[in-house]
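Subject: Structure handover

Hello,

Here is the structure I promised to pass on. Please open it alongside this email.

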Amino acid sequence: MKRRLLWIPLLAFVAIAGLFAWMLSQPSDRQVRSRLVGKPLPAFSLPPAAPGKPGLATATFRAGKPRLLNVFGSWCVPCAAEAPQLAKLAQAGATIDAIAIRDTPADVARFLSTKGDPFAAIGDDRNSSVQLALGSSGVPETFVIDGQGRIAHQHIGAITDGDVPVLLDKLKAAQ
């Protein structure tokens, strides 16, 4: 009987180790979703991030027309990769505004000249305060904003060709 009791700690260890191994093998959602989806944009007013482009403020998004808000950085490789899809969205009639994160006007201008410029306005968020207020977890990230300034949808990561129709549908639904 005492010999059987000696096996209990070993069996408990194996059970716990098996549980940990199973949990580690499960895919995890590493994306942090904004808690502001369905709520109004936080109040902000950002200066222009690039020469010849207007800055960006919350009031822009309360004009009655749904818009996309793209959070990007000129230094961001996935942001460069999604540039053709942003151009497709703009060609399809989407109004796209942007917030440049931790960037300089010269770098943003260079990015726009090489990757294209689908943006109506670009705000300069040097310290990421607006990005954090939005609940954005990184770049690139795109929000669908309805005509009253509420966040209707959040797309985390680079936009792919398959995401273009989805975002257009979300924009249409946000009217």
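Below is what turned up, element by element.

Please keep in mind that this is a predicted model.

**Strand E3**

Start with strand E3, residues 67–72. Six of its six residues are buried. Both faces are covered. Arg 67, Leu 69 and Val 71 lie on one side. Leu 68, Asn 70 and Phe 72 lie on the other. In a regular strand, side chains alternate between the two faces of the sheet.

E3 has strand partners. It pairs with strand E6 (residues 141–145) in the antiparallel sense, over five bridges. There, Leu 68 stands opposite Val 144. E3 also runs parallel to strand E4 (residues 96–101), again joined by five bridges. In that pairing, Leu 69 faces Asp 97.

**The disulfide**

The count is one disulfide. Cys 76 and Cys 79 form it, with their sulfur atoms 2.4 Å apart. The torsion about the S-S bond is about 80°, so the disulfide is right-handed. Are these cysteines buried or exposed? Cys 76 is buried, at 5% relative accessible area. Cys 79 is buried too, at 2%.

**Salt bridges**

The count comes to six salt bridges. Three of them follow.

Lys 53 and Asp 117 meet at 3.0 Å, N to O. This pair links distant parts of the chain, 64 residues apart. Lys 53 sits in the loop between strands E1 and E2. Asp 117 sits in the loop between helix H4 and strand E5. Lys 53 counts as buried because its relative accessible area is 17%, under the 20% cut-off. Asp 117 is partly exposed at 39%.

Asp 107 bridges to Arg 110, with the closest N and O atoms 2.5 Å apart. They are three residues apart in helix H4, so about one helical turn separates them. Both are partly exposed: Asp 107 at 29%, Arg 110 at 48%.

Arg 150 pairs with Asp 146, the closest N and O atoms being 3.0 Å apart. Arg 150 is partly exposed, at 35% relative accessible area. Asp 146 is buried, at 7%.

**A nonpolar patch**

Leu 6, Trp 7, Leu 10, Leu 11, Phe 13 and Val 14 make a nonpolar patch of about 700 Å². One of these, Leu 10, belongs to helix H1, residues 2–25. Leu 10 is partly exposed, with a relative accessible area of 43%.

Best wishes

Terms used: Residues are numbered from 1 along each chain as its sequence is written. This is a predicted model: local features need pLDDT of at least 70, side-chain atom pairs count only at pLDDT 80 or more; totals for chains, interfaces and linings use all residues. Side-chain values use heavy atoms; hydrogens and water are left out. Patches are made of residues with over 30% relative accessible area and no salt bridge: like charges are joined within 9 Å, nonpolar side chains (Val, Leu, Ile, Met, Phe, Trp, Tyr) within 5 Å. Accessible areas come from the Shrake-Rupley method with a 1.4 Å probe; for residues, only the protein chains shown count as cover. A salt bridge is a side-chain nitrogen of Lys or Arg within 4 Å of a carboxyl oxygen of Asp or Glu. Helices (H or I, at least four residues) and strands (E, at least two) are DSSP runs, numbered from the N terminus. Buried means under 20% relative accessible area, exposed over 50%, partly exposed in between (1.4 Å probe, protein chains only). Two strands pair if DSSP finds at least two bridges between them. A disulfide is a pair of cysteine sulfur atoms within 2.5 Å.
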